[in-house]
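Have the sequence and the model open side by side as you read.

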Amino acid sequence: MTGRTDSSMTRLMFLAAAVFLLSAPASASQGDKEPVYRDCVKQCVRTNCTGARLRGFQSAQPPYMALTGWTCRDDCRYQCMWTTVGLYQAEGYSVPQFHGKWPFARFLCFEEPASALASLLNGLACLLMLLRYRSAVPRQSPMYHTITAFSLISLNAWFWSTVFHTRDTYLTEKMDYFCASAVILYSIYLCCVRTLGLRRPAISSMVGVLLILAFTSHVSYLTFVSFDYGYNMAANATIGMINLFWWLCWCWLNRRILPYWWKCGMVVLLLHGLALLELLDFPPLFWVLDAHAVWHLSTVPVHFLFYSFLIDDSLHLLNTEKPGVKLD
């Protein structure tokens, strides 16, 4: 069994996932490169964001807007964005992106309401199923601590996803990206522990160290060299494909032994299949619902199937953890 080695690696992976780093701002998009947009922002800031006008803006600003960091300049950018969108549509052109994103209708302080809601729902589903897992599976189960740590890292990622879609700032964007990468890398560790580490804990320990180094290198590159969105997507996709094939191979090898194997196979296929929704990049419907929000909404039910597999598997491991009994 993994015992103390698995617990120590879990703590190391959890600490690595909490690394706090920042990086360079996002590149410009077609909309914010337009002279009409830039001139509009300059004029708005010059007129409304100094002296008595600024004090008037601050006194009239709702508390929830101030608490989430909306400034007078941000409000100018928001208003000028819609002015530019209106001009594009009046001329028959397609809707442009601004600062790397589609234009979204703000609701209260929520910059991307649908994506923020979807991230929150994913986090709640993850929390609910973690609580169910902890109530159904005794702590003595070999995978208990590894799965609990994975859940906490996932909850942290959904928290920052919700924050980022509520308010896109220099900090929240980086935390969203880095915490998502931490989940993807820890999922490899989870897979390694389940498929190899229970019988060969030294292997999962070595893989854990390599993943910590990979995460540190990934974040360091994005922070100190270049925040390359293409590289980040390629890196996460590569790790995701490794995870996909690793789990599918394990499912195939255990299909005659474990009656619940199909749940694992279905989860990994669904997660990678639903990720393809990101390729349907389109202007948001009703200025609220875009492909990213649809993707996040579609993953909410997957948590229930995934934790159903984890509960079944953890109980199976607990029941077979006897002298002379082979772990699958």
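Which cysteine forms a disulfide with Cys 44? The partner is Cys 76, and the two sulfur atoms sit 2.0 Å apart. A disulfide here means a pair of cysteine sulfur atoms within 2.5 Å. Before going further, please keep in mind that this is a predicted model, in which local features need pLDDT of at least 70 and side-chain atom pairs count only at pLDDT 80 or more, while totals for chains, interfaces and linings use all residues. Residues are numbered from 1 along each chain as its sequence is written, and side-chain values use heavy atoms, with hydrogens and water left out.

Back to our pair. The torsion about the S-S bond of Cys 44 and Cys 76 is -75 degrees, and the link is left-handed. Helices are DSSP runs of H or I with at least four residues, numbered from the N terminus. Both ends are tucked away: Cys 44 is buried at a relative accessible area of 16%, and Cys 76 is buried at 1%. Buried means under 20% relative accessible area, exposed means over 50%, and partly exposed lies in between (1.4 Å probe, protein chains only).

In total, the structure holds 3 disulfides. Another one joins Cys 40 to Cys 80, with 2.1 Å between the sulfur atoms. It again links distant parts of the chain, from Cys 40 in helix α3 (residues 35-48) to Cys 80 in helix α6 (residues 72-90), 40 residues apart. The S-S torsion of Cys 40 and Cys 80 is about -80 degrees, so this disulfide is left-handed. Cys 40 is partly exposed, at 23% relative accessible area, whereas Cys 80 is buried at 1%.

The remaining disulfide pairs Cys 49 with Cys 72, S to S 2.0 Å. Cys 49 lies in the loop between α3 and α4 (51-60) and Cys 72 in helix α6, so the bond ties together parts 23 residues apart in sequence. This link is left-handed too, with -85 degrees about the S-S bond. Cys 49 is buried at 13%, as is Cys 72 at 7%.

How are the bonded cysteines paired when counted along the chain? The pattern is 1-6, 2-5, 3-4.

Finally, look at Cys 191, which is in no disulfide; its nearest cysteine sulfur, that of Cys 192, is 7.4 Å away. Cys 191 is buried, at 0% relative accessibility.

Note on methods. Helices (H or I, at least four residues) and strands (E, at least two) are DSSP runs, numbered from the N terminus.
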